[in-house]
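Visitor: I have a sequence and a structure to read. Could you take me through some features, one at a time?

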Amino acid sequence: MNYVLPILLIAVLVTGLVKRVNVYDGFVCGAKKSIDLSLSVFPYLAAVFVMVNALHASGADVYITKILAPPFSLLGIPQEVVQLILLRPFSGSGSLAILTDVYNTYGTDSYIGRCASVIMGSSETVFYVASVYFAGTKVRHTGWAIPIALACNLLGAVAACLLCRVL
Amino acid sequence: MNTVWTVITVVALAVLTVAQPQNVLKVCLDGCTQAVTTTISLMGIYCLWLGIFEVADRCRLVEGLAKCFAPLNRWLYGRVSRAAEQYISLNMASNMLGVGNAATPSAISAIRETEKGDTLSRSGAMLFVINASSIQLIPTTVIGLRASLGSAAPSDILLPNLIATALTSLCGVALVFCAYGRAR
């Protein structure tokens, strides 16, 4: 697996040489676009990070976790990982911190630890991805896209808790 | 996004103001600073991949990739412009190789091609859902963290993780078909 990407990179550059394309010019030209792209994403990132920071610092997330623990347990999700599931759509670094917390409290190889690992691996930071993807477009109504993505995250969590019991 | 962001931020800031008013400004500023550092590191990632993509494009490699993916893409996304087709193929290839870093710039470029109005189209929704629930072959970050915290079998979660991500991807695609119907 470690060789896939390096070989791919070299293969692209070598193909350029063989086809007598100006590889250097091409790379520079593409790299230049990265500035515009990341700058157009920047204000949206700022908005998301301010929201996540405020949410986490206020302790509101812990409170919401307490309220939502009973319905989640009906789905077979242990209450110890509910906070991870709730914060995951908003923040990658935040949920990684919670994951570390779970590992330190319950151990990496415990059922809770394994559950949390699979939940983390099978979900995405939906709101973060949405803000980055739709930055720079005129899209204001995202319709079903975000609800579907959130539903997938939840399904992933339910499946994770189930699979870790069996496997 | 407007409602979600405003409601959550207002509630969180109100709670924070009651609990610890001296920290409100610090918390907000920290968020903005994080955005600056993240943007800089994203710029580096985009720089590498957009550079490589441009070279691949000039070698007509992207065109070939788009041809390989054409049947799958037609079924998933329907009829989209040629440029969008190529970006989507790059995105699918990056996702399959597990290079999340490279998937983002190609997805953003694809969305900019397909979305011209103010309501998200079916193709855009599909692209978003596939990326937000993408199959991850090896969750490197999680395995690394497990190993560093002394797990006896850090990669023990590979199989359940693979099944769970495959399930979420399938379900995501199915839900887009339910909500938007078949691709035209």
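Visitor: Is A:Thr142 buried, exposed or partly exposed, and why?

Guide: Count C-beta atoms, placed from the backbone, within 10 Å of the residue's own: 20 or more others make it buried, 12 or fewer exposed, anything in between partly exposed. A:Thr142 has 18 C-beta neighbours inside 10 Å, so it counts as partly exposed. This is a predicted model: local features need pLDDT of at least 70, side-chain atom pairs count only at pLDDT 80 or more, and totals for chains, interfaces and linings use all residues. Residues are numbered from 1 along each chain as its sequence is written, while chains are lettered from A and ligands numbered from 1 in the order in which they are written.

Visitor: Where is A:Thr142 found?

Guide: Helices (H or I, at least four residues) and strands (E, at least two) are DSSP runs, numbered from the N terminus. A:Thr142 sits in the loop between helix 7 (126-134) and helix 8 (145-166) of chain A. Chain A comes to 8 helices and 0 strands.

Visitor: Which residues is A:Thr142 in contact with, leaving aside neighbours within four places in sequence?

Guide: Contact means that the C-beta atoms of two residues, placed from the backbone, lie within 7 Å. In chain A, the partners are A:Ala130 and A:Phe134; across in chain B, they are B:Met1 and B:Leu120.

Visitor: How many residues of chain A are in contact with chain B?

Guide: 76 residues of chain A are in contact with 79 residues of chain B. Helix 2 of chain A gives the largest share of chain A's side, 24 residues. By class, that side has 48 nonpolar, 21 polar and 7 charged residues. Ala, Val, Leu, Ile, Met, Phe, Trp, Tyr, Cys and Pro count as nonpolar; Asp, Glu, Lys and Arg as charged; the others, Gly among them, as polar.

Visitor: What is the radius of gyration of chain A?

Guide: Take it over C-alpha atoms, and compare it with the globule rule, 2.2 Å times the number of residues to the power 0.38. Chain A has 21 Å, whereas a compact globule of 167 residues would have one near 15 Å. Its C-alpha atoms fill a box of roughly 65 × 40 × 30 Å along the principal axes.

Visitor: What span should helix 5 of chain B have?

Guide: The expected span is 1.5 Å times one less than the number of residues. For the 15 residues of helix 5 (residues 100-114) of chain B, that should be 21 Å; the end C-alpha atoms are 21 Å apart, which agrees. 13 of those 15 residues are buried, so helix 5 of chain B is largely enclosed by the rest of the structure.
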